[in-house]
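Take a look at the sequence and the model below.

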Amino acid sequence: MTLGLPLATISAFLLVLARVSGLVAFLPLPALRSTPTPIRATLALTLTLALFPVWPDLPNTLPTVTQILLWTFSEAGLGLAIGLAVAFLMDGFQLAMQIVGLQAGYGYALTIDPSSQSDSNVLQVLLMLTTGWLFFIMGFDREIIRILAASFVRFPAGSWAPSAASMDGIVRLGGNMLVTGVRLALPVTAILMLIDLALALLGRMQQQLQLLSLAFPAKMLAALIIL
C-alpha cells in the first residue's frame, strides 16, 4: 500500500519549513549555535510540524519553478527577519557588557564567547549564558512559537514580499539595539570614571599608594554591584 500526500500539503510544508529555518538560523542561544547542523535541522522540522494548524491552504496544483523560488526566498527572508529581531534584543545587552567590561578591567581576562566563538570578556560570556537561561525560564521559547504562528496569520506562506517599510523597521531595530546598549552602559561607565578620579586624587595625596593594585578590584566590584 502506498501512502500519498496532496501536492498542496507538500508545498505548504516546504514553505513553512523555509520560514522556520530562517528563524532558527538567527536564534541567539549559545547551546543552539554550538550544536551540530542535524540537530538544528531537526528542531526546524519539529517546529514546522508543530505549526501544522496554521499551514497555508494552497491550491492543489503544481507551481512553476520561478514561483517556488520566489516563495522560498520570501519565506526564508521573513524567518531571518524575525530571528534577527530576537538577536537584536540580546545584542543590545551584549554591547553594554562589552563597554562596561572594557572600562571595569574585565577585558584583561578574555575567554571564548559560546555564541560567536570569538574572544569576549567575562561579563559578556556571563550575560550570554544568563540570557540563554532566562530565555527558557521566562517562556520566551513559547512566545517565539506564538510569534511564528501569528506571522502565518498575518502573512500567509507565499504572500510576504520585502518592502521598504519592512526593511526600514529592521534598520530602526538595529539602531535601537545600539542606543539600548549605550544607555545601559553609561551609568556604570560614569561610576567607573568617578572611581578613577577618586583614585587619582588619592594618588596625588598619598603617592605611596599602589593604585594599580587598588584600581582593578575596586572597579570590578563596583561594576558588579551596579549591574
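**From surface to core**

At 34% relative accessibility, I191 counts as partly exposed, a class that lies between buried (under 20% relative accessible area) and exposed (over 50%), with a 1.4 Å probe and protein chains only. I191 sits in helix α7. Its C-alpha is 8.3 Å from that of A223, although 32 residues separate I191 and A223 in sequence. L194 also has its place in helix α7. L194 is exposed, because its relative accessible area is 54%, over the 50% cut-off.

This is a predicted model, where local features need pLDDT of at least 70, side-chain atom pairs count only at pLDDT 80 or more, and totals for chains, interfaces and linings use all residues. Residues are numbered from 1 along each chain as its sequence is written, and side-chain values use heavy atoms, leaving out hydrogens and water.

Now step back to the whole chain. There are 8 helices and 2 strands. Both are DSSP runs numbered from the N terminus: helices are H or I with at least four residues, strands are E with at least two. Along the sequence the pattern reads α-α-α-α-β-β-α-α-α-α. Of the 227 residues in the chain, 34% are buried.

The largest nonpolar core has 22 residues. Such a core is a set of buried Ala, Val, Leu, Ile, Met, Phe, Trp, Tyr and Cys residues joined through side-chain atoms within 4.5 Å. V16, V20, L23, L51, L58, I144 and L148 touch the most other members. Two or more residues come from each of α1 (7-26), α3 (37-50), α4 (65-104) and α6 (140-154). Helix α1 gives the most, with 7 residues. A second, separate core has 14 residues, including M97, A185, L192 and A222. In soluble globular proteins, nonpolar side chains tend to be buried together.

Leaving aside residues up to four places away in sequence, I144 touches L23, L27, V86 and F135; contact means heavy atoms within 4.5 Å.

How far apart are the end C-alpha atoms of helix α5? They are 22 Å apart, which agrees with the 22 Å that 16 residues (122-137) should span at 1.5 Å a residue. The expected span is 1.5 Å times one less than the number of residues. Just after α5, G139 takes a positive phi of about 80°.
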